Amino acid sequence: MLLEQLTLQDINKHQFDLAVLPWGATEAHNFHLPYGTDNYQNGVIIKQAAQLVNDKGVKVLILPEIPYGVNTGQTDIPFVINMLPSTQQAIIKDVATSVFKQCDKLLIFNGHGGNDFKTIIRELGMEFPGKKLLTCNWFQALDAAKYFAQPGDHADETESSLMMYLYPELVKPLSEAGNGQSKAFKVKALNQSWAWAEREWTKVSNDTGVGNPSKASSEKGERFFNDLCQVISQFLHELAQTPLDEFYGY
């Protein structure tokens, strides 16, 4: 159920088990995908996954999506809209304050790699005792290497295939796309999982892509999308159905 499409009478008829706040970004995606790619993907994936859950009698409410993400490393790219983590925290606090009056669980459904809500959840969690604030990244739910020949992490074969399946009218021919070649850090540890520094995007990639999209296809996108929605719907079902006082076990 989409909150933006419901009336007060509709809302009063239901007790929701879980509320979901989709969160994306507005940024360049190589030369062939639109700036709204993260939002388009995020919206369709969570709606389909939630529908699978609602068909089983579990009530999941989808809130309107936040279309701007953390893009501090891309502010020199035209019209990339950056939202600071501190701004995100203020928004989440306000949304949670409203949602938690009616529902005990709020999931931030993230579709952008630059967003990291963990520290925000740690801090805000102390302000909402007896409630559960969570997050997930759909792009980490499946092993992309099992579906795509050259998965990357931005405007790559994965995202290109998804958009070719979901919104083919918004995807320009792959012949117009850059090859997604990107530079790594010269400091070895920064290319590993235990050390981190923000990437300065225009110094890393000539086309804003990270990963070659040339082998993308609608067929690959459809298979990945269907499997992804099944995995996420199972997560939503378990999350919605698990009482907060039974959240842990052996």
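Biologist: Hi! What covers the buried residues of α4?
Modeller: Hello! This is a predicted model, and in it the cover over the buried residues of α4 includes α3, β3 (105-110) and β4.

Biologist: And which residues of α4 are the buried ones?
Modeller: Those are Ile120, Ile121 and Leu124. They sit on the same side of α4, because they span an arc of only 95° around the axis.

Biologist: Which residues are exposed on the other side of α4?
Modeller: There you'll find Lys118, Thr119 and Arg122, which are exposed.

Biologist: Nice. Let's move to the sheet. In what order do the strands come?
Modeller: The order is β2-β1-β3-β4, four strands in an open sheet, and the pairing is parallel.

Biologist: Which strands stand at the edges?
Modeller: β2 (60-62) and β4 do. Each has a single partner strand, so one side of each has no neighbour in the sheet.

Biologist: How much are neighbouring strands turned against each other?
Modeller: On average by 25°, with direction ignored.

Biologist: Tell me about β3. Is it buried or exposed?
Modeller: Six of the six residues of β3 are buried, so the strand is largely enclosed by the rest of the structure. Both of its faces are covered.

Biologist: How many bridges does β3 make with β1?
Modeller: Five, and β1 (residues 18-23) pairs with β3 in the parallel sense. If you want landmarks, valine 20 has leucine 107 of β3 as its bridge partner, and alanine 19 stands opposite leucine 106 in β3.

Biologist: And how many with β4?
Modeller: Six bridges join β3 and β4, again in the parallel sense. Lysine 105 is partnered there by lysine 132 in β4.

Biologist: What does the chain pass through on the way from β3 to β4?
Modeller: The chain goes through α4, and this β-α-β crossover is right-handed.

Biologist: Which strands does helix α2 lie across?
Modeller: Helix α2 (residues 37-54) lies across β1, β2 and β3. Relative to β2, the helix runs at about 160°.

Biologist: Switching topic: how many salt bridges are there?
Modeller: A search of the whole structure turns up five. One of them joins the side chains of lysine 93 and glutamate 127, at 3.3 Å from N to O.

Biologist: Where do those two sit in the chain?
Modeller: Lysine 93 is in helix α3 (residues 85-99), and glutamate 127 is in the loop between α4 (118-125) and β4 (132-137). The two are 34 residues apart, so the pair links distant parts of the chain.

Biologist: How accessible is each of them?
Modeller: Lysine 93 counts as partly exposed at 36% relative accessibility. Glutamate 127 is partly exposed too, at 39%.

Biologist: What does arginine 199 form a salt bridge with?
Modeller: Its partner is aspartate 153, and their closest N and O atoms are 3.3 Å apart. Arginine 199 is partly exposed at 27% relative accessibility, and aspartate 153 is partly exposed at 44%.

Biologist: Which residue does glutamate 200 pair with?
Modeller: Glutamate 200 forms a salt bridge with lysine 203, and the closest N and O atoms are 3.2 Å apart. Glutamate 200 is partly exposed, with a relative accessible area of 48%. Lysine 203 has 55%. The cut-off for exposed is over 50%, so lysine 203 counts as exposed.

Biologist: Last topic, the backbone. What is the phi of alanine 155?
Modeller: Alanine 155 has a positive phi of about 55°, although this residue is not a glycine. You can find alanine 155 in the loop between β4 and α5, and at 0% relative accessibility it counts as buried.

Biologist: And what about phi at threonine 208?
Modeller: Threonine 208 has a positive phi near 75°, and it is a residue other than glycine. Threonine 208 lies in the loop between α6 and α7 (218-241).

Biologist: Is threonine 208 buried or exposed?
Modeller: Threonine 208 counts as buried, at 12% relative accessibility.

Note on methods
Residues numbered from 1 in each chain as written. Predicted model: local features only at pLDDT ≥ 70, side-chain atom pairs only at ≥ 80, totals over all residues. Heavy atoms only, no water. Salt bridge = Lys/Arg side-chain N within 4 Å of Asp/Glu carboxyl O. Buried < 20%, exposed > 50% of the residue type's maximum accessible area, 1.4 Å probe, protein only. Arc of directions from axis to C-beta. Contact = heavy atoms within 4.5 Å. Pairing = 2+ DSSP bridges. Axes fitted to C-alpha atoms, helices over the stretch in contact; angles between N-to-C directions. Right-handed = clockwise from strand over helix to strand, strands pointing away.
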